[in-house]
Amino acid sequence: MFLGHYAVALSAKRVAPNASLGTLVMASQFIDLLWPLLLLAGVEHVRLDPGNTVVTPLDFYDYPVSHSLVGVLLWGGIVGGVYFALRRSWTNSLVVGLAVVSHWVLDLIVHRPDLPLHFTGEPRVGLGLWNSLPLTLVLELGLLAVGTFLYVGATKAKDRTGSYGLAGLLVVLVGIYVANVVGPPPPDVGMIGIAGNASWLFVLWAAWIDRHRQAVR
Ligand SMILES: [Zn+2]
């Protein structure tokens, strides 16, 4: 899942209008921001296995710290807790914590049974929507469309940056997603850990957009 996580952040603005979209993107993508660091540190592992599912050439055989259900609940608590310590808003902290957990729920729909429940790495679950490219695209693009609709309804641009910055982010996200799906698999596993860190750019981009939009009502 890729676009769907951004859709969660966009939608969350509806319930947490004064939380920054940057924070919400950081939360909904948190475990995918953690994962490349754990890959580079040698704590978690992935291997190339073209055909693993139709959509991804990756075999996520070892990622219990970032992607187990227990791990994600823990990360949700930590991120929500840090947010509360900084901002003192129960509602927003809850939304931020739930956004972290939402990542696992969305991943559950698309991954084949490779998502562990515990840190031990077993048992593993996944509904495997990635076995169908058309259904995956319908879900990802559909979620992004709904998220965009909700975000645009919940905020209005203060200036041109607020409109064009948002449009630009959506175009780049969809472009990267399509290139990923139709393009060749990454050359090696090391590249995945390095390239994965680029997602921080979208956190900053979202925060920048948010400063140029204001919550309505
Ligand atoms: Zn993930």
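User: What share of the residues in the protein chain is buried?
Analyst: A residue is buried if 20 or more other C-beta atoms, placed from the backbone, lie within 10 Å of its own; 12 or fewer means exposed, and in between is partly exposed. Here, buried residues are 38% of the 217 in the protein chain. This is a predicted model: local features need pLDDT of at least 70, side-chain atom pairs count only at pLDDT 80 or more, and totals for chains, interfaces and linings use all residues. Numbering starts from 1 along each chain as its sequence is written.

User: Is leucine 24 buried or exposed?
Analyst: Leucine 24 is buried, with 27 other C-beta atoms within 10 Å. The residue sits in helix α2 (residues 21-28). Helices are DSSP runs of H or I, at least four residues, numbered from the N terminus.

User: What does leucine 24 touch, leaving out residues up to four places away in sequence?
Analyst: Two residues are in contact if their C-beta atoms, placed from the backbone, lie within 7 Å. Leucine 24 touches Ala9, Ala12, Lys13, Ala19 and Ala99. Separately, alanine 206 is 182 residues away in sequence, yet 8.7 Å away C-alpha to C-alpha.

User: At what angle do helix α5 and helix α6 pack?
Analyst: Axes are lines fitted to C-alpha atoms over the stretch in contact, and angles run from 0 to 180 degrees between N-to-C directions. Helix α5 (residues 69-87) and helix α6 (residues 90-110) pack at about 155 degrees, axes 8 Å apart. Over 145 degrees counts as roughly antiparallel, so α5 and α6 are roughly antiparallel.

Definitions and conventions. Helix = DSSP H or I, 4+ residues; strand = E, 2+ residues; numbered from the N terminus. Parallel < 35°, antiparallel > 145°, perpendicular 65-115°, else oblique.
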